[in-house]
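This report goes through one protein model, from its annotated site to its sheet and its core. The sequence and the coordinates come first.

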Amino acid sequence: MLRNVFFILILTVFVFIAGGCKKEVAQEVEARFVINDEVIEDIVEGLWVEVALKEEGHKVIVRENNEIKKEMICSGGTKEEPTLLGTFNLENRGLWFYSERFKEGAKYWVRITEQYLFHGIPRDKDWNIIEEEQDKLGGPASHGCVRLGEEDAQWFYENVPDGTTVIIHE
């Protein structure tokens with residue numbers, strides 16, 4: 001019986017506290033953590049990257065002090081092999097790679113996390129750009145990486161340092 005009274009008391013305090021919050025304050029706090037159609041500007045200071053994988057188009061936006069520094073068309077993963085969503089810090093980079101598993105490689109890779117990278121357009125074993133992959137920029141096409149056009153991949157590689165915060169969302 002004492003346990004039931006204690007439970008009811010705790011529940012009443014919780015309801016009182018939750019019910020006593022102003023709706024505007026609760027919405028404001030919640031909005032700080034939601035990225036949907038708008039980027040909430042006070043999430044990250046300094047240089048950071050947004051990857052928006054929307055149905056109407058995929059793009060990468062590099063921001064510095066919440067001003068757009070560069071916007072680029074990209075391709076994220078497919079439904080079968082999606083790009084990870086969330087917040088990451090860039091880890092490391094390299095000039096090129098080739099994957100025997102996928103029989104393709106790319107230039108200017110920057111690691112998001114694990115095997116997920118930003119990189120240029122896929123290339124075949126003879127190091128030629130695979131044109132049909134280039135034509136897919138702007139929509140889902142990769143094995144989970146974020147693909148950029150060659151010039152954009154090089155710019156990203158040269159201008160966005162390791163440790164930079166990346167926020168990936170739909």
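This is a predicted model: local features need pLDDT of at least 70, side-chain atom pairs count only at pLDDT 80 or more; totals for chains, interfaces and linings use all residues.

Which residues does His 119 touch, not counting residues up to four places away in sequence? The contacts of His 119 are Phe 97, Ala 106, Lys 107, Tyr 108, Trp 109, Cys 145, Val 146, Arg 147, Leu 148 and Ala 153.

## The annotated site

In UniProt, an unreviewed entry places the feature "active site" at His 119 and Cys 145. His 119 belongs to strand β7, while Cys 145 sits in the loop between α3 (131–134) and β8.

Buried or exposed: how do His 119 and Cys 145 count? His 119 has a relative accessible area of 5% and is buried. Cys 145, at 12% relative accessibility, also counts as buried because the cut-off for that class is under 20%. Leaving out residues up to four places away in sequence, Cys 145 touches Ser 75, Gly 76, Gly 77, Thr 83, Gln 115, Tyr 116, Leu 117 and His 119.

Cys 74 is buried as well, with a relative accessibility of 0%. A disulfide is a covalent bond between the sulfur atoms of two cysteines. The count of disulfides in this model is zero.

## The sheet

Nine strands make up an open sheet of mixed pairing, in the order β4-β9-β1-β2-β3-β8-β7-β6-β5. The edges are β4 (86–89) and β5 (93–99); each has a single partner strand, so one side of each has no neighbour in the sheet. From one strand to the next, the twist averages 35°.

The pair β1 and β9 runs parallel and is joined by five bridges. Within it, Val 49 has Val 166 of β9 as its bridge partner. Helix α4 packs on the sheet and touches β1, β2, β3, β5, β6, β7 and β8. The direction of α4 makes about 40° with that of β6.

## Two hairpins around β6

β5 and β6 run antiparallel and are joined by six bridges. Gly 94 stands opposite Trp 109 of β6 in this pairing. The two strands form a hairpin with four residues between them, and Lys 103 in the turn has a positive phi of about 55°.

On its other pairing, β6 meets β7 in the antiparallel sense over three bridges. Thr 113 stands opposite Tyr 116 in β7. This second hairpin has two residues between its strands, and its turn holds Glu 114, with a positive phi of about 45°. How many of the 10 residues of β6 are buried? Eight of them are, and β6 is mostly covered.

In soluble globular proteins, nonpolar side chains tend to be buried together. The largest nonpolar core in this model has 23 residues, and the members that touch the most others are Val 49, Val 51, Val 60, Phe 118 and Phe 156. At least two residues each come from β1 (47–54), β2 (57–64), β3 (67–75), β6 (104–113), β7 (116–119), β8 (146–148), α4 (150–159) and β9 (165–169). The largest share, four residues, is supplied by α4.

Apart from neighbours within four places in sequence, Val 49 is in contact with Val 60, Ile 61, Val 62, Phe 118, Phe 156, Val 160, Thr 164, Thr 165, Val 166 and Ile 167.

## Trp 155 on the helix

Trp 155 lies in helix α4. Its relative accessibility is 19%, which counts as buried because the cut-off is under 20%. With residues up to four places away in sequence set aside, Trp 155 touches Val 62, Lys 69, Lys 70, Met 72 and Val 160.

How far apart are the C-alpha atoms of Trp 155 and Lys 70? They are separated by 9.5 Å, with the two residues 85 apart along the chain.

Note on methods:
Residues are numbered from 1 along each chain as its sequence is written. Side-chain values use heavy atoms; hydrogens and water are left out. A nonpolar core is a set of buried Ala, Val, Leu, Ile, Met, Phe, Trp, Tyr and Cys residues joined through side-chain atoms within 4.5 Å. Buried means under 20% relative accessible area, exposed over 50%, partly exposed in between (1.4 Å probe, protein chains only). Contact means heavy atoms within 4.5 Å. Two strands pair if DSSP finds at least two bridges between them. Axes are lines fitted to C-alpha atoms, for helices over the stretch in contact, and angles run from 0 to 180 degrees between N-to-C directions. UniProt positions are given in the numbering used here, feature names are shortened, and annotations may be inferred rather than shown by experiment. A disulfide is a pair of cysteine sulfur atoms within 2.5 Å.
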